[in-house]
Amino acid sequence: MKIYDVAFIGMGASALATAKLNYEGTSHSLIGIDKEYYNKRNNFFAFWMTDWMENFSNLAQKKWFNWEFYLANECILHETKDLPYCTIRFQDWKKYCLDNLENLSIKTLNVQSISNLEKYFEIELENGERVFAKKIYDSRTPKLEENKVKQHFFGYLIDTKQVIDNKKVTLMDFRVDQNVGLHFMYCLPISENKVLVESTVFSSEIQADSWYKDQIKKYIETKLKMSEYTIVDEEKGALPMYDIRNKSYKNYINIGSRGGATKISTGYAFSFFLKNLLRQNDDSEKKHHSYFDQWMDKVFVNYLKNNNGTEKTFINMANSLNGNEFASFMMGISGTTTKLKVIMSMPKYKFIKSALGTIIN
Ligand SMILES: Cc1cc2nc3c(=O)[nH]c(=O)nc-3n(C[C@H](O)[C@H](O)[C@H](O)COP(=O)(O)OP(=O)(O)OC[C@H]3O[C@@H](n4cnc5c(N)ncnc54)[C@H](O)[C@@H]3O)c2cc1C
């Protein structure tokens with residue numbers, strides 16, 4: 001009976017990162033188990049270029065030093081010299097992580113259950129097969145809770161003959177239908193002719209794909225003023241806007257979204273699990289986000305959940321910060337002044353009510 005040193009349950013972004021950063025060049029026997037391992041997924045992972053993300057700078061397809069927010073006739077532009085917005089695509093990430101990982105075997109099956117047999121773990125696969133490993137990194141997608149607020153989105157990567165201004169990202173454009181929840185468009189211009197246009201909603205109810213597709217088509221026509229374009233790829237997702245708590249213990253470690261890497265107010269997770277991996281020299285459970293950031297995020301989500309017309313708050317917040325302050329706040333590295341500016345940009349009475357709500361719940 002073969003007992004692997006390490007098993008990765010799920011071989012998505014965080015498992016690939018863990019294999020690369022913790023086990024490259026070691027003699028450990030590794031196994032990755034994921035039914036979707038060979039699928040064509042190629043989503044974009046966006047982040048601001050903090051010091052720890054410099055390690056992956058060469059993989060960033062493009063860097064943007066400007067980003068914008070829109071609401072009705074208002075447009076707020078942020079500029080930065082220090083913390084550009086960047087993206088890495090999943091397939092580039094996968095290729096980078098697998099390079100030099102010769103001791104990794106792959107099984108393309110779903111995991112049904114994991115049992116702790118004291119000295120090692122038994123992993124049962126969907127076909128009844130059993131795999132054994134001394135240590136487990138579990139990144140199985142956390143189940144979404146029906147009644148809780150989620151960030152759900154659908155995006156088209158489009159190719160057009162029209163020339164696009166590819167120097168600026170549109171982070172949030174609220175000039176769209178607000179009937180099903182807080183809704184905005186996100187536009188990531190990859191080149192002069194390619195742009196990712198994503199319809200994103202914060203609400204508990206996920207819409208049918210056709211809803212986001214209609215929204216995107218309308219937006220491309222009316223706001224981007226493009227009549228001819230080809231859809232070359234698509235991505236979609238639904239991310240929890242609430243705490244994900246899965247307990248890790250010795251030799252069984254939850255990682256990625258399952259391990260609590262998602263910043264619940266924004267859905268960003270990629271840079272946070274990388275920060276943890278790069279900064280920890282053992283596998284003990286470490287928080288991805290500071291207590292203060294977690295609390296602020298909860299207050300913010302509480303506020304979004306209980307109020308309408310919250311798009312104005314995002315605009316106020318963007319207006320109160322410059323590019324560097326905004327980027328540092330998003331990446332969890334902001335100073336006290338920036339945090340205070342964010343708090344002051346929120347409606348006072350509703351902020352206090354939401355803050356009290358986090359204590360009661
Ligand atoms: C489309 C999309 C875009 C995103 N964009 C960004 C972004 O721009 N910036 C950012 O910071 N974050 C982003 N995120 C959030 C987050 O960074 C990603 O979700 C990231 O992939 C999380 O990594 P992970 O390893 O936790 O999960 P995943 O990458 O989803 O990996 C989990 C893996 O587990 C496998 N799996 C699930 N169940 C089982 C099972 N029972 N047995 C075996 N395998 C199983 C799945 O097939 C999957 O491959 C995005 C998420 C999505 C979905």
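**Reading the interior**

Modeller: Of the 10 residues of helix H4 (residues 270-279), 7 are buried, so H4 is largely enclosed by the rest of the structure. Buried means that 20 or more other C-beta atoms, placed from the backbone, lie within 10 Å of the residue's own. Helices (H or I, at least four residues) and strands (E, at least two) are DSSP runs, numbered from the N terminus. The model is predicted: local features need pLDDT of at least 70, side-chain atom pairs count only at pLDDT 80 or more, and totals for chains, interfaces and linings use all residues. Residues are numbered from 1 along each chain as its sequence is written.

Biologist: Which residues of H4 are buried, and against what do they pack?

Modeller: They are Phe270, Ser271, Phe272, Phe273, Leu274, Lys275 and Asn276. The buried residues of H4 pack against helix H1 (13-23) and strand E3 (44-48), where contact means C-beta atoms within 7 Å.

Biologist: How many residues has the largest nonpolar core?

Modeller: In soluble globular proteins, nonpolar side chains tend to be buried together. A nonpolar core is a set of buried Ala, Val, Leu, Ile, Met, Phe, Trp, Tyr and Cys residues joined through C-beta atoms within 7 Å. Here the largest has 81 residues, and Ala7, Phe8, Ala133 and Val197 have the most contacts inside it. Apart from it lies another core, of 13 residues, including Val149 and Tyr303.

How values were computed
Buried ≥ 20, exposed ≤ 12 C-beta atoms within 10 Å, placed from the backbone. Contact = placed C-beta atoms within 7 Å.
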